[in-house]
Amino acid sequence: MKDFGSLLFKINVKNSEPHAGQILVSEPFRDDECFNHGVMTVIDYVADEGATAVVLNNRSEYMLGDLLDGVSPDVRIPVFCGGHTGQDRLFFIHTLGEEIIPEAREFAPGMYVGGSFDAALAYLNSGYPAEGFIRFFMGYTNWVEGQLERELKESSWAEAPASAISREMMLTGAGDSYWHRMVATLGERFRRWSVLPRNATCN
């Protein structure tokens, strides 16, 4: 029997070449739980080395205070699973810039990765908002040379238009509703994706 998802929901996608800041929406029937209805952003890309990205909407069971000392008890911020690699490593992406988070690296216009953890904690412990501004991750996703290019050509990912997604939108929400919100930016061709729950047997 042919694969149900491939027959009905596979869409040939015209993606651009990989680049930092690219926002990728997974096709509906990814086998990997981490990528199933996942949305990721590429934070680093070198053509002859590979790419690094984080899954933006895969919330873990941990709160920041569970994993990091110095977090105020009043600060209740979820940590997200960015991918299978380096899950013993905690890092963050944000829109706060180098003035608030020194040593941050801009990987796309207005989007930053890393920087001073002390500055990030000072920001959060002072009561400033996290949602829409800063998001913490355990792990990341890594592709070797040529791997992401192949997956894009195979339409395993659809590239969301950067013009339709604000920086705050990237760091707001989680789970399946986040994926559906990003699918809505892809246009009419992807409308049939929007009816699919994460577990297709629920439909």
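## The salt bridge

A residue counts as buried under 20% relative accessible area, as exposed over 50%, and as partly exposed in between. With that scale in hand, let's look at this predicted model, starting with its charged pair.

The structure holds one salt bridge. Its partners are E131 and R135, whose side chains meet at 3.5 Å, N to O. In general, side chains of opposite charge can pair when their charged atoms come close.

How exposed is each partner? E131 has a relative accessible area of 45%, so this residue is partly exposed. R135 has a relative accessible area of 2%, which means that R135 is buried.

At the start of helix 4, S116 places a side-chain oxygen within 3.3 Å of the backbone nitrogen of D118. After helix 4 comes G127, with a positive phi near 95°.

## Strands 1, 2 and 3

Strand 2 (residues 39–46) pairs in the antiparallel sense with strand 1 (residues 23–26), over three bridges. Strand 2 also pairs with strand 3 (residues 50–55), again in the antiparallel sense, over six bridges. The link from strand 2 to strand 3 is a hairpin of three residues.

Notes:
Residues numbered from 1 in each chain as written. Predicted model: local features only at pLDDT ≥ 70, side-chain atom pairs only at ≥ 80, totals over all residues. Heavy atoms only, no water. Salt bridge = Lys/Arg side-chain N within 4 Å of Asp/Glu carboxyl O. Buried < 20%, exposed > 50% of the residue type's maximum accessible area, 1.4 Å probe, protein only. Polar contact = N/O pair within 3.5 Å; in protein donor to acceptor, adjacent residues only side chain to side chain. Helix = DSSP H or I, 4+ residues; strand = E, 2+ residues; numbered from the N terminus. Pairing = 2+ DSSP bridges.
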